[in-house]
Amino acid sequence: MKDGGMKARRGTLSHDEASVRTMSTQSAPSDPDLLARLRAGDEAAFEMVLARHHHSLVRLATLFVSDAGAAEEVAQEDAAATDGWFASSGSWARPPGQWAAATPEELVLRAETHAALESAIAALPAVQRAVITMRDVEGFPAEDVCNVLELSETNQRVLLHRARTRIRAALSEHMSGR
Amino acid sequence: MKWMLTCEQVVSKTSAFVDRDMSWTERLRMRVHLAMCRVCREYVRQVALVVGALRILPPQLPGEARRKRLMRLFRTA
């Protein structure tokens with residue numbers, strides 16, 4: 001197969017990158033062809049490169065994330081997200097307000113809630129953002145996320161929980177008109 | 001009663017509950033609390049809504065704004 005040849009020539013690619021490349025390069029012009037067209041200033045070629053490789057670029061960008069960094073994030077803001085929500089008895093001190101939305105579609109289809117959702121993701125600490133993007137938005141299984149981001153299972157779970165907690169809180173603030 | 005979860009404990013287990021990533025005994029404890037506590041029920045519902053909404057967000061591939069910015073950069077390069 002064409003891809004096999006490409007992989008062999010690019011001996012420096014890691015196994016993961018190579019498999020991402022293989023998955024995303026199913027048809028259409030080969031990378032060398034695209035490169036030639038890019039050099040010639042072909043916009044359509046640039047668009048194809050974005051579509052084809054954006055994923056692995058995003059993945060590369062998250063490579064600096066390590067479990068040490070994650071552990072730090074886990075330790076740093078322990079319980080900060082739910083500060084002041086509960087009385088010492090463990091019951092609600094500041095109960096959440098009721099949401100009118102009945103389905104996820106209602107949240108996403110309303111432009112302001114969609115925007116609030118996106119900016120809540122953007123405002124997350126780096127590792128939480130990486131975890132929730134991969135798990136919930138892109139739908140990767142926990143195991144893959146642990147592998148790619150080099151997280152322990154526990155830290156992955158904690159970070160996902162934190163991220164969801166924060167996003168819910170951000171949406172709640174947004175809905176109560178703040 | 002130690003077996004009963006507090007609201008704070010329910011909140012701390014919400015993500016795992018939504019993912020069905022807990023033992024059936026834990027799940028039962030959650031269900032018992034939720035059956036009795038309207039506030040936690042609403043809280044769990046909201047987290048589930050958020051997770052559902054994230055799942056149907058358009059894919060994070062380039063994203064329109066970023067794609068346009070990149071295209072502009074490409075044109076001027």
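**Contacts between chain A and chain B**

Four salt bridges are counted between chain A and chain B in this predicted model. One of the salt bridges joins the side chains of A:R164 and B:D19, with an N to O distance of 3.0 Å. Polar contacts between chain A and chain B, counted where both residues have pLDDT 80 or more, amount to 13 residue pairs.

On the side of chain A that touches chain B, five helices each supply at least two residues: helix 4 (43-61), helix 6 (104-109), helix 7 (111-122), helix 8 (126-137) and helix 10 (153-175). Helix 10 of chain A gives the largest share of this side, with nine residues. Sorted by class, the side of chain A that touches chain B consists of 21 nonpolar, 15 polar and eleven charged residues.

The contact as a whole draws on 47 residues of chain A and 36 residues of chain B. Between them, the two chains bury about 3,700 Å², and 67% of this area lies on carbon and sulfur atoms.

Aromatic side chains were examined next. Over all chains, five aromatic pairs are counted. In one of them, A:W85 and B:Y43, the ring centres lie 5.8 Å apart and the planes meet at 70°; the pair is therefore edge-to-face, since an angle over 60 degrees falls in that class. This pair crosses between chains: A:W85 is in the loop between helix 5 (67-76) and helix 6 of chain A, whereas B:Y43 is in helix 4 (residues 38-55) of chain B. The relative accessible area of A:W85 is 8%, so this residue is buried, the cut-off for burial being under 20%. B:Y43 has a relative accessibility of 1% and therefore also counts as buried.

B:Y43 forms an aromatic pair with A:W92 as well, with 5.5 Å from centre to centre and 50° between the planes, and this pair is tilted. The pair again crosses between chains, with A:W92 in the loop between helix 5 and helix 6 of chain A and B:Y43 in helix 4 of chain B. A:W92 and B:Y43 are both buried. Together with A:F86, the residues A:W85, A:W92 and B:Y43 form one aromatic cluster.

Key
Residues are numbered from 1 along each chain as its sequence is written. Chains are lettered from A and ligands numbered from 1 in the order in which they are written. Side-chain values use heavy atoms; hydrogens and water are left out. Contact means heavy atoms within 4.5 Å. Buried area is the accessible area (1.4 Å probe) that two parts lose on being put together, summed over both. A polar contact is a pair of N or O atoms within 3.5 Å; within protein, one must be able to donate a hydrogen and the other to accept it, and residues adjacent in sequence count only if both atoms are side-chain atoms. Helices (H or I, at least four residues) and strands (E, at least two) are DSSP runs, numbered from the N terminus. Ala, Val, Leu, Ile, Met, Phe, Trp, Tyr, Cys and Pro count as nonpolar, Asp, Glu, Lys and Arg as charged, and the others, Gly among them, as polar. Rings of Phe, Tyr and Trp (its six-membered ring) pair if their centres lie within 6.5 Å; planes under 30 degrees apart count as stacked, over 60 as edge-to-face and the rest as tilted. Buried means under 20% relative accessible area, exposed over 50%, partly exposed in between (1.4 Å probe, protein chains only).
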